[in-house]
Amino acid sequence: MKLLGYWRSSAAYRVRIAFNLKGLDATLESVHLVKEGGEQHLPKYAALNPQELVPTFIEGDNEFVLSQSLAIIEYLDEQYGGTLMLPKEPKARAEVRAMALSIACEVHPLNNLKVLQYLTNTLGLDEEAKNAWYHHWIHQGFSAFEKQLEKHAGSYCYGDEVTLADLCLIPQVYNANRFKVDLTPYPNIRRIWDNCHQLEAFQLAAPERQADAS
């Protein structure tokens, strides 16, 4: 079992948390997203993942190759024991999925590395303008997510058990902190960040704890 990813990738970060919650021993292999134009664009990697994104999950001797972090996490949830990341009750399951997707599909893509690189390298935005873009979309997404948390949160995003929603939120908060976004308006998000970081599964998945961190 392998996970090809990058230490700062939000999507790979999600899957690392899932591996830890499931107690799965996976080999983590680095695909450097910046060095020499990005190793994700090399033909060998593109053959595994035509989107040229991370992460890529491999089970067996290249017998099963899966991209997209949420698909990987749901596969792990269905295939292996340990912490369940989606509730069994259908309505709760749908609500957790909706929360997770609001981060993974609405917030994260607008702030992904390839978008930020396009803003600077192609459109010629300076650092201040790029950061303004980043802050705008984080605030828009987090404002909506904070309202969802007011309805659903307990200790974590959905009640008092870790779910897929937490796995999506925590990497995005990490990035928001990295880009110095003011998170004061989001007390529930900050509280859940603190609660998740009491858990070893989240601590071990942190970007700075990865072998390729630099």
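How many positive and negative side chains does the protein chain have, and how far apart do the centres of the two sets lie? There are 20 positive and 27 negative side chains, and the two centres are 2 Å apart. Lys and Arg count as positive and Asp and Glu as negative, while His and the chain ends are not counted; each charge is placed at NZ of Lys, CZ of Arg, CG of Asp or CD of Glu.

The model is predicted: local features need pLDDT of at least 70 and side-chain atom pairs pLDDT 80 or more, whereas totals for chains, interfaces and linings use all residues. Residues are numbered from 1 along each chain as its sequence is written, and side-chain values use heavy atoms, with hydrogens and water left out.

Nine helices and four strands make up the secondary structure of the protein chain, in the sequence order β-α-β-α-β-β-α-α-α-α-α-α-α. Both are DSSP runs numbered from the N terminus: helices are H or I with at least four residues, strands E with at least two.

The radius of gyration of the protein chain is 17 Å, which agrees with the value near 17 Å for a compact globule of 214 residues. That radius is taken over C-alpha atoms, and the globule rule is 2.2 Å times the number of residues to the power 0.38. Of the 214 residues, 48% are buried; buried means under 20% relative accessible area, exposed over 50%, and partly exposed in between, with a 1.4 Å probe and protein chains only.

In soluble globular proteins, nonpolar side chains tend to be buried together. Here the largest nonpolar core has 65 residues, and F142, L167 and L169 touch the most other members. Helix 7 (residues 164–178) gives this core its largest share, nine residues. Such a core is a set of buried Ala, Val, Leu, Ile, Met, Phe, Trp, Tyr and Cys residues joined through side-chain atoms within 4.5 Å. Beyond its neighbours within four places in sequence, F142 is in contact (heavy atoms within 4.5 Å) with I103, L169, Q172, V173, A176, L183, Y186 and I189.

Helix 3 (residues 69–79) is mostly covered, with eight of its 11 residues buried. Its buried residues pack against helix 1 (10–22), strand 3 (56–59), strand 4 (64–67), helix 4 (90–107) and helix 7.

H136 lies in helix 6 (residues 127–152) and is partly exposed, because its relative accessible area is 43%. From C-alpha to C-alpha, H136 is 9.4 Å from V181, although 45 residues separate the two in sequence.
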